[in-house]
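Let's walk through this structure together, one piece at a time. Have the sequence and the 3D view ready as you read.

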Amino acid sequence: MLTEIRIDGLGVISTATAQFHEGLTCVTGETGAGKTMVVTGLHLLGGARADAGRVRQGAQRAVVEGRFTVEDVHDSARDEVEKVLESSGAQRDDDDSVIAVRTVGSDGRSRAHLGGRSVPAAVLSDFTAPLLTVHGQNDQLRLQRPDQQLQALDRFAGEAVAGLLRKYQLARRTWLQARTELLERTARSRELALEADRLQHSLNEIDTVAPEPGEDERIVAEVLRLGDLDSLREAAGAAHAALAGSGDGEGAGALDALGGARARLESSDDPALTALAPRLGEAIAVVVDVTTELSSYLSDLPSDPAALDSLLTRQAELKSLTRKYAPDIDAVIAWADEARTRLASLDVSEEALAALAAEVETAAVQVRETAKKLTAARRKAARKLATAVSAELSGLAMGRAKLEVEVRPLAASAQDSAPITVEGAELHAGTSGVDEVEFRLSAHSGAQSLPLSRSASGGELSRVMLALEVVLAASEYGSTMVFDEVDAGVGGRAAVEIGRRLARLARTHQVIVVTHLPQVAAFADTHLVVDKVDDGKGVNSGVRALTTDERVVELARMLAGLDDTETGRAHAEELLATARAEKADTTSAAG
């Protein structure tokens, strides 16, 4: 849960720190005091877009710091949080809590930190998403959108729908890939056939030349060598003659001279001279090796005058490939490998198209069957959701109001990108199935049910959203839920019922509510007030927790601005006593 939040330089708040506890926390204060800045700060911790206009006038930046504990959340949420912490390198604090920080500069730039590590805002969002759900007035408006209504239904259905949805999405991916390939091959059959012909022609040309890896570089070196063949032969021959002799009897070589010198030294009686003979023997061995290598070199030199012409012809063949396909022969060979792979995928024969069409139909059958099961599961869940929410609405002083959850097929459009026939109807196979969901509200018995966008007032929409959250929260535990003026447009008995529902929700969740209704605030386990102070230099707001006596004063102010009269205090004390009694009765009934 969220245990603490610190806000610096955000809106009218210069510096404020609020401690949060289990159960229901209500945040109150006069209009313009900065209550909404608390919710804005939580939105920023949730990775919301930074707005430089929220930075306090004269401040360089706004900083929001939240401290979270994750021990008491449900397993799936804890697993998600642990993955984010591990992947980002975030560290826990000494008390095992995790600190999340969001900074927004006056220039609009923002930074995010998690567990002492700088992270993108999206990572901060991934961390807080399983832990924190913020409901503002914009969220109430989003509830009117069909996609949000579909998500609410799927969330209520749980794994009964989630498992089918995963199977459907996997089948849909397979089907769309095969269908896209079939459509491409059919529509571009002539173009693909021409491409196949060009690839085959190029491969035939390359295969005819049959280049070898690195061959172009080897030929360049050999051509340079053969271009200077005469001078190479002359130099090697002269060196060989100087060492071994001319061989025609006209001149002795170095080997003969060295051999004669060694014989003279060995025949001498002087030890100093005979000691030099082995060294001449070493010199003779070196000269013999060089002479042998020169002989081998001379014998390897091409004797065919056409050898250079053959190499030049081969070099021209290789250059014809490098001009067309790649800068060198190794790259030409790689291009040919890729071309063969591409050519294998360009089979546009009737047999290939028929096989692909059969593959598409098989995948479509899987999509169709899974979509039908998904629709059936949603319709079953829709009836249960409608019944549960309608019961909550009755308790929220909406008389005999009734919510209907309609699951109907999503018809394909004329230019639909993913149409599929299900039970004779052409439907759109979207990422969430072939269904669309609409919440319809009947204000009283016998009244026509109308879509929420047409039938619900602001206050009714707030209560529908709260009723949904109470129902959806029944299967979850441990997350923090924040409501910003969920009681807008509500008063009287309905306000008391909202307070009771929030208190009940707070038995399994940490609930934080920004409210202007004393009937709701009276149910709080913790009551925070946002005070506004004008010292002549500017307006500043702070957040503080109220004692029991201070709560009486604040509730009296909220009731009628009667914070200094006996009548106001009496009304506030009565309201608190009533709330305590109802909470006690609710707790006893739950136990």
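In which helix does S202 lie? S202 belongs to helix 7, residues 189-209; helices (H or I, at least four residues) and strands (E, at least two) are DSSP runs, numbered from the N terminus. Because its relative accessibility is 11%, S202 counts as buried (under 20% relative accessible area, with a 1.4 Å probe and protein chains only; exposed is over 50%, and partly exposed lies in between). Leaving aside neighbours within four places in sequence, S202 is in contact with Y325 and W335, where contact means heavy atoms within 4.5 Å.

A word on the source: this is a predicted model, in which local features need pLDDT of at least 70 and side-chain atom pairs count only at pLDDT 80 or more, while totals for chains, interfaces and linings use all residues. Residues are numbered from 1 along each chain as its sequence is written, and side-chain values use heavy atoms, leaving out hydrogens and water.

Now step back to the whole chain. You will find 21 helices and 17 strands, and 44% of the 591 residues are buried. Among contacts with a separation of 6 or more, 72% join residues 24 or more positions apart.

Finally, look at helix 10 (residues 254-266) and helix 12 (residues 277-300), whose axes come within 9 Å and cross at roughly 165°. Axes here are lines fitted to C-alpha atoms over the stretch in contact, with angles running from 0 to 180 degrees between N-to-C directions. The two helices are therefore roughly antiparallel (angles over 145 degrees). Residues making the contact include L255, L258 and L265 of helix 10, and I284, V287 and V288 of helix 12.

Note on methods
Angles under 35 degrees count as roughly parallel, over 145 as roughly antiparallel, 65 to 115 as roughly perpendicular and the rest as oblique.
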